[in-house]
Amino acid sequence: RILRRAVRYGGEILKAPEGFFHQLVDTVVEVMSDGFPELRSKPEAVKAIIKEEERVFSQTLKRGIAELDKRCKKLPPKG
């Protein structure tokens, strides 16, 4: 859930390109690995997992937005 919120915020608010989030893993490892040494163990696996989650979430979000648009167009005009 947190990942999806971050991806959505990055895209909508920060105007980051689709699929940006997994690219931040190296920076997070560099900045936070002193406190969380386990981050150094498998950064490529973490990137792959995040990249796949981004892809799936992007598809879900696009379908949801398309469905919302379709339903909004069917609403009667507000008078």
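Student: Is the crossing in which α1 passes α3 left-handed or right-handed?

Tutor: In this predicted model, the crossing of α1 past α3 is right-handed. The axes of the two helices are 10 Å apart and pack at an angle of about 65°.

Student: Which residues make the contact between α1 and α3?

Tutor: From α1 come Leu 3, Arg 4, Val 7 and Arg 8, while α3 contributes Ile 50, Glu 53, Glu 54, Val 56, Phe 57 and Leu 61. By kind, the residues of this contact comprise 6 nonpolar and 4 charged, with no polar ones.

Student: How is one residue of α3, such as Glu 53, to be read?

Tutor: Glu 53, a residue of helix α3, has 35% relative accessibility and so counts as partly exposed. Apart from neighbours within four places in sequence, Glu 53 is in contact with Leu 3 and Arg 4. Its C-alpha atom is separated by 16 Å from that of Ala 16, a residue 37 places away along the chain.

Student: At what angle do the axes of α2 and α3 cross?

Tutor: Helix α2, residues 25-32, and helix α3, residues 43-74, have axes that come within 10 Å and cross at roughly 135°. The crossing in which α2 passes α3 is right-handed.

Student: Which residues of α2 and α3 are involved in that contact?

Tutor: On the side of α2 they are Val 25, Asp 26 and Val 29; on the side of α3 they are Pro 43, Val 46, Lys 47 and Ile 50. These residues divide into 5 nonpolar and 2 charged, and none is polar.

Student: Is Lys 47 buried or exposed?

Tutor: Buried means under 20% relative accessible area. Lys 47, located in helix α3, has 16% relative accessibility and therefore counts as buried. Residues up to four places away in sequence being set aside, Lys 47 touches His 22, Val 25 and Asp 26. The residues buried in α3 are Lys 47, Ile 50, Glu 54, Phe 57 and Ser 58, and the buried residues of this helix pack against α1 and α2.

Student: How far apart are the end C-alpha atoms of α3?

Tutor: They are 46 Å apart, which agrees with the 46 Å that its 32 residues should span at 1.5 Å a residue.

Student: What can be said of the loops, for example of Lys 15?

Tutor: Lys 15 belongs to the loop between α1, residues 2-12, and α2. Lys 15 has a positive phi of about 60°, although it is not a glycine. With a relative accessible area of 64%, Lys 15 is exposed.

Student: Where is Ser 33, and is this residue buried or exposed?

Tutor: Ser 33 is placed in the loop between α2 and α3. Its relative accessible area is 5%, so Ser 33 is buried. Not counting residues up to four places away in sequence, Ser 33 touches Val 28, Leu 39 and Arg 40. From Ser 33 to Glu 52 there are 19 residues in sequence, and the two lie 23 Å apart in space, C-alpha to C-alpha.

Note on methods. Residues are numbered from 1 along each chain as its sequence is written. This is a predicted model: local features need pLDDT of at least 70, side-chain atom pairs count only at pLDDT 80 or more; totals for chains, interfaces and linings use all residues. Side-chain values use heavy atoms; hydrogens and water are left out. Axes are lines fitted to C-alpha atoms, for helices over the stretch in contact, and angles run from 0 to 180 degrees between N-to-C directions. Helices (H or I, at least four residues) and strands (E, at least two) are DSSP runs, numbered from the N terminus. A crossing is left-handed if the near helix is turned anticlockwise from the far one by less than a right angle, and right-handed if clockwise. Contact means heavy atoms within 4.5 Å. Ala, Val, Leu, Ile, Met, Phe, Trp, Tyr, Cys and Pro count as nonpolar, Asp, Glu, Lys and Arg as charged, and the others, Gly among them, as polar. Buried means under 20% relative accessible area, exposed over 50%, partly exposed in between (1.4 Å probe, protein chains only). The expected span of a helix is 1.5 Å times one less than its number of residues.
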